[in-house]
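Subject: Structure for you to look at

Dear colleague,

I am handing over a structure that is new to you, and below it I have written out what was found in it. Please read the notes with the structure open beside them.

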Amino acid sequence: MLPWYYNIPLFNILGVLAMAILSPLIKERKTVRYLTCLLFAVSGIFSLILTFILLPENESFVYSVGFFPAPWGNELRCGVFEAFMAAVFAFVMLLSVLGGMKDLKIDLEKKIAQYYYMMLDVLFASMLAIIFTNDIFTAYVFVEINTVGAFFIVMAKEKDDTYLATVHYFVMSMLASGLILLSIAVLYTITGHLNMQYLFDSIKLLYASGAYRLPLMVSAGLMTVGLFVKSALFPFHSWLPKASSSATSASSAILSGLITKGYIILLIKMYYRVYGIDTIKSLGITALLVIFGIIAMIGGSLSAIRQTDIKKMIACSSVSQIGYIYVGIGLATPLGLLAAVYHIIVHALTKADMFIIAGNIVSRSSTRDLRALNDVGPRMPVTMGMFIVCALSMVGIPLLMGFNSKWNFAAASIDSGNIAIIIALVVSTLLNAFYYFPPIIRGCFSKQARDAKRWADQAPLAEIWPHAVLTALIVLFGLFSGQLTSLIQTGLMNFF
Amino acid sequence: MLLLSRNMIKKIIGMNILDSAVYLFLIVQGYVQGGVEPIIRDGITDASYYVNPVPSALVLTGIVVSVSVTAFALALTQRLYKKYGTVNIDEMTYIARNEKNGGQK
């Protein structure tokens, strides 16, 4: 008899998928909305419970789905890391939807609204499946599902140029899917397995024997490049600013904060559970990751400085933050991976918060142009205050989450003796400050700001409480980062 | 074709060719010389008489995925055509940019 909590991952995925099937059948739009949000909350709570059940003994388990045993059947694998990531994803998803609710009501056609929530369910289920699965083909199928869901939430707002952004996203994404599928096909050809554990064992043997070195390299390379594109690493990032600037704010938050992160988690799983990090290291891929990461850190920031559109600026900043995460993975040390995973959480919370706050600011000032937002500080002091907290966290001011993350990165790069990363970290932090601070300073202290009417456009509490919760989480995790770090560290022990 | 062609329909065809190529590659890997389809016949249970069923199952799943993605892409193209009156991406971008600039002035 299995302990009851072994069922949580599967039921999480199935429950959300069932909701996706049900939601177009429910007539009342309000009911769909409440049910979806409730579902995210319940799923998050269960994942959190699972995390704390598994935490004391750092337990991790394999749950076989269906009637066939491991080499043929499908499996889910769950440990502290996976459960906690699922919980973070659920709560960020919930708060992004709640925070972007007002924009959703404005931006979506009535007919589409229901399908939007359906697609959110599908997206969330596929992200959970990517986190939990122990089978690379299942991962591929859910990557595709995730991609289609992401297209839909980008194009759901039928104004602006969302269709064009979707086309751009579509082309890049489909190319990446093709690469990932080819990589899996090559991997299956040389090993005959799809299960991660069996793949790991046979790749280890193969690598030791020296046979099939080239196909292995091709497969790892294709997988890496495919996931680069899907997670918007710098040279392949152009879809992210386009898609998240024109989409509705909840979609932008989810796209930038969560969807790209799902693929990064898949990449981590592929490296540590399938190819084996030693193999990846000796194939030279980790060095590549560091180089691309550094380019992204600087390049993303530079392109953010040029933006005059507030949402585009935030999206370009995402590109630079994704560079940080890749540098952490590329270091291939426990500390580096810890920094990367910590930054995934930091970025998911902060970026989602920034996008929904920006959405609120934009919908109340009816412009996205930063130059026209000079009077925003006094007009909506609370909203702007929260935006400032997020920006400070992204730049890395102490007491906030972003600082701990930068601290982790610095520690990891000193540990691995790589000076270039520290320099890039400093330069990128300065650049972060360069593009976040001018709009904030102009927003609070410019001439228009002094003349603007105080509290004129401040959104009521009912509208901004999700923003406030996310901001509070950023501060809280910043203050109690020790606990969070040790939790992630425990979770990551399963990977080494 | 997926990347370079500026025509949406050609892009979709390119994507389908890419997918089909990968599926054929997978199917070939599963072929056993002289094997028949993996349904037990005449009580023979020795695996070497049958082709490997796993790649076929994978390809079947893959086909479902690519069919749905193609359907999505075609629907998107239809929407784009209704909005911009063309299936060429460059022209669409041009029209969209003009609209934006016109709106601002």
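In what follows, a residue is called buried when its relative accessible area is under 20%, exposed when it is over 50%, and partly exposed in between, using a 1.4 Å probe and protein chains only. Helices (H or I, at least four residues) and strands (E, at least two) are DSSP runs, numbered from the N terminus.

This is a predicted model, in which local features need pLDDT of at least 70 and side-chain atom pairs count only at pLDDT 80 or more, while totals for chains, interfaces and linings use all residues. Residues are numbered from 1 along each chain as its sequence is written, chains are lettered from A and ligands numbered from 1 in the order in which they are written, and side-chain values use heavy atoms, with hydrogens and water left out.

I begin with helix H10 of chain A, residues 239–246, where 7 of the 8 residues are buried, so that this helix is largely enclosed by the rest of the structure. The buried residues of H10(A) are Trp239(A), Leu240(A), Pro241(A), Ala243(A), Ser244(A), Ser245(A) and Ser246(A). Among the elements of chain A that cover them are helix H6 (136–155), helix H7 (162–191), helix H9 (213–230), helix H11 (249–275), helix H14 (310–331) and H15.

The next topic is the nonpolar cores, a core being a set of buried Ala, Val, Leu, Ile, Met, Phe, Trp, Tyr and Cys residues joined through side-chain atoms within 4.5 Å. The largest has 198 residues, and within it Ile259(A), Tyr271(A) and Tyr275(A) touch the most other members. Helix H15 of chain A (residues 334–365) gives the most to this core, with 18 residues. If neighbours within four places in sequence are left aside, the residues in contact (heavy atoms within 4.5 Å) with Tyr275(A) include Ser183(A), Leu187(A), Ile203(A), Leu216(A) and Met223(A). A second, separate core has 11 residues, including Tyr324(A), Leu331(A), Ala412(A) and Leu425(A).

Chain B has 3 helices and 0 strands, and read along the sequence its pattern is α-α-α. Of its 105 residues, 31% count as buried. Among the contacts in chain B with a separation of 6 or more, 42% are between residues 24 or more positions apart.

Where the two chains meet, 31 residues of chain B are in contact with 27 residues of chain A. The buried area between them, meaning the accessible area (1.4 Å probe) that two parts lose on being put together, summed over both, is about 2,700 Å², and carbon and sulfur atoms give 83% of it. Phe72(B), Leu76(B) and Arg79(B) supply 19% of the area that chain B buries against chain A, more than any other three residues. On the side of chain B that touches chain A, helix H1 (8–29), helix H2 (53–84) and helix H3 (89–104) of chain B each supply at least two residues, and the largest share, 14 residues, comes from H2(B).

One residue of chain A at this meeting place is Leu182(A), which, leaving aside its neighbours within four places in sequence, is in contact with Leu222(A), Val22(B) and Phe25(B). Leu182(A) lies in helix H7 of chain A and counts as partly exposed, at 28% relative accessibility. From C-alpha to C-alpha, Leu182(A) and Leu222(A) are 7.5 Å apart in space, although 40 residues apart in sequence.

Last come the salt bridges, each a side-chain nitrogen of Lys or Arg within 4 Å of a carboxyl oxygen of Asp or Glu. The structure holds 2 of them over all chains, and the rule finds 0 across the interface of chain B and chain A. In chain A, Arg273(A) pairs with Glu82(A), the closest N and O atoms being 2.9 Å apart. Arg273(A) lies in helix H11 and Glu82(A) in helix H3 (residues 80–99) of chain A, so the pair ties together parts that are 191 residues apart in sequence. Both are buried, Arg273(A) with a relative accessible area of 6% and Glu82(A) with one of 1%. In chain B, Arg6(B) forms a salt bridge with Asp90(B), where the closest N and O atoms are 3.2 Å apart. Arg6(B) lies in the segment before H1 of chain B and Asp90(B) in helix H3 of chain B, so this pair ties together parts that are 84 residues apart in sequence. Arg6(B) counts as partly exposed at 35% relative accessibility, as does Asp90(B) at 41%.

With best wishes
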